[in-house]
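Morning, everyone. Please have the sequence and the model open while I talk.

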Amino acid sequence: MIAIESVSKRFKRVEALKGVSLDIEEGEFFGLLGPNGAGKSTLMNILSGYLEADEGSASLDGQPLNAANEKTRLKMGLVPQSISLYEDLSALQNLEIFGKLYQLPSKSLKERMEFWLNKVQLWERRNDKVKTFSGGMKRRVNLVSSLLHEPKILMCDEPTVGVDPQSRNAIFEFLEEQNAVGLTIIYTTHYMEEVERLCSRIAIIDNGEIIGLGTREELMAKLPFEDEVEFAKEIARPSLLEAFRALGEVEPIKEKYQLRVKPNIPMSRIHQIIEDENLSHRQFQFKQPTLEAVFLSMTGRSLRE
Ligand SMILES: Nc1ncnc2c1ncn2[C@@H]1O[C@H](COP(=O)(O)OP(=O)(O)OP(=O)(O)O)[C@@H](O)[C@H]1O
Ligand SMILES: [Mg+2]
């Protein structure tokens, strides 16, 4: 559906994108995960025609995606990272502005505004000024403003920043529902929990390059270890550390130690060591690694530094 081929973009000295290639299929809930400055917004802005790539191209169903190709561009909806609403206008007045930008006939604009504001539980508040809204409510208006023209693909650029947990959940459920009825979604974030919950396929982007691509399981399979076992420094006597080092890597992390267990080591071997050392299993925390561990093992850095 969307084909991105060797897209590069430079801002003076910063190479924001370095030859990014990606294919996104119809109906996907696609996640773009990366730390601050990775190039996520730059890519979203190129796909929606707000920015022009220096090199490479992007297309939708074979039609070029750029500012000149209005017809194809209108099949994309971008929910920008920074909220773009007039604080002194009501929710409805804000949506009217977007509707006019898209040149929607007033009857269908009215219907769609009612439909979408109901969907995000804001119809009752339609005549209130946006400045009276919480961060989460503003995010929801920002979100539906990009759906009025009924795009086939919705790109959400960090749509939960500054949102309380309840509103965050409302946004997730709304997006999941829209995806279930056929909307293709590209979801940008630096929260790995969000892509783990929402996305069927994920691209990890860092320093303008895609460094990992696949389902969560495919990305996890690239990890050189399977389980993580954490324990306090007080119990980390030399004999324990030595026994654990035979099973994987042992490293100090903040006030703890972490053992990253090599693949195919039965957990019973860990339990045996704990017993041999006369320690209690409750002194050890067993964890399944997350995408954060994938990012860490690929870059040596954490997603949020
Ligand atoms: N208009 C611009 N002018 C100059 N540099 C820019 C511009 N837009 C982005 N950059 C730079 O390009 C790089 C990528 O920025 P981008 O906004 O795409 O990252 P991001 O992944 O969206 O980050 P964040 O999570 O902080 O939103 C950064 O180094 C940024 O400073
Ligand atoms: Mg950004």
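Ground rules. This is a predicted model, where local features need pLDDT of at least 70 and side-chain atom pairs count only at pLDDT 80 or more, while totals for chains, interfaces and linings use all residues. Residues are numbered from 1 along each chain as its sequence is written, and chains are lettered from A and ligands numbered from 1 in the order in which they are written.

The whole chain, then. The protein chain has 11 helices and 14 strands. Here helices (H or I, at least four residues) and strands (E, at least two) are DSSP runs, numbered from the N terminus. The C-alpha trace spans about 75 × 45 × 35 Å along its principal axes. How many of the 305 residues count as buried? The share is 34%. Buried means that 20 or more other C-beta atoms lie within 10 Å of the residue's own; exposed means 12 or fewer, partly exposed is in between, and the C-beta atoms are placed from the backbone.

Now contacts. Two residues are in contact if their C-beta atoms, placed from the backbone, lie within 7 Å. Take the contacts with a separation of 6 or more: residues 24 or more positions apart account for 69% of them.

On to helix pairs. Helix H5 covers residues 135-145 and helix H6 covers residues 165-180. Their axes come within 9 Å and cross at roughly 20°. Axes are lines fitted to C-alpha atoms, for helices over the stretch in contact, and angles run from 0 to 180 degrees between N-to-C directions. That angle makes H5 roughly parallel to H6. The cut-offs: under 35 degrees is roughly parallel, over 145 roughly antiparallel, 65 to 115 roughly perpendicular, and the rest oblique.

Which residues of H5 and H6 meet? From H5 come Gly136, Arg139, Arg140 and Leu143; from H6 come Ser167, Arg168 and Ile171. By class, this contact has 2 nonpolar, 2 polar and 3 charged residues. Ala, Val, Leu, Ile, Met, Phe, Trp, Tyr, Cys and Pro count as nonpolar, Asp, Glu, Lys and Arg as charged, and the others, Gly among them, as polar. A reminder about spacing: an α-helix has 3.6 residues a turn, so residues three or four places apart point the same way.

Second pair. Helix H3 (residues 91-101) and helix H4 (residues 106-119) pack at about 130°, with their axes 10 Å apart. H3 and H4 are therefore oblique to each other. In H3, Ala91, Leu92, Leu95, Glu96 and Gly99 meet Leu109, Met113 and Leu117 of H4. That contact divides into 6 nonpolar, 1 polar and 1 charged.

Helix H11 next, residues 291-299. Leu291, Ala293, Val294 and Phe295 are its buried residues. What do they pack against? Strand S3 (29-33), helix H7 (192-198), strand S9 (201-206), strand S10 (209-214) and helix H8. Just after H11, Gly300 takes a positive phi of about 75°.

Now the ligand. There are 13 residues around ligand 1, and Phe11, Ala16, Lys40, Ser41 and Thr42 come nearest. A residue is near a molecule or strand if its C-beta atom, placed from the backbone, lies within 6 Å of it. Helix H1 gives the most to this shell, with 3 residues. By class, the shell has 4 nonpolar, 8 polar and 1 charged residues.

Last, some single residues. Lys222 sits in the loop between helix H8 (216-220) and strand S11 (227-232). Is Lys222 buried or exposed? Exposed, because it has 11 C-beta neighbours inside 10 Å. Leaving out residues up to four places away in sequence, Lys222 touches Gly212 and Val294.

Two non-glycine residues have positive phi. Lys254 has a phi near 50°. Its place is the loop between strand S12 (248-253) and strand S13 (256-261). Lys254 counts as exposed, with 8 C-beta neighbours inside 10 Å. Asn278 has a phi of about 55°. Asn278 lies in the loop between helix H10 (267-276) and strand S14 (284-287). With 6 other C-beta atoms within 10 Å, Asn278 is exposed too.

One more: Gln178, in helix H6. Gln178 is partly exposed, with 17 other C-beta atoms within 10 Å.
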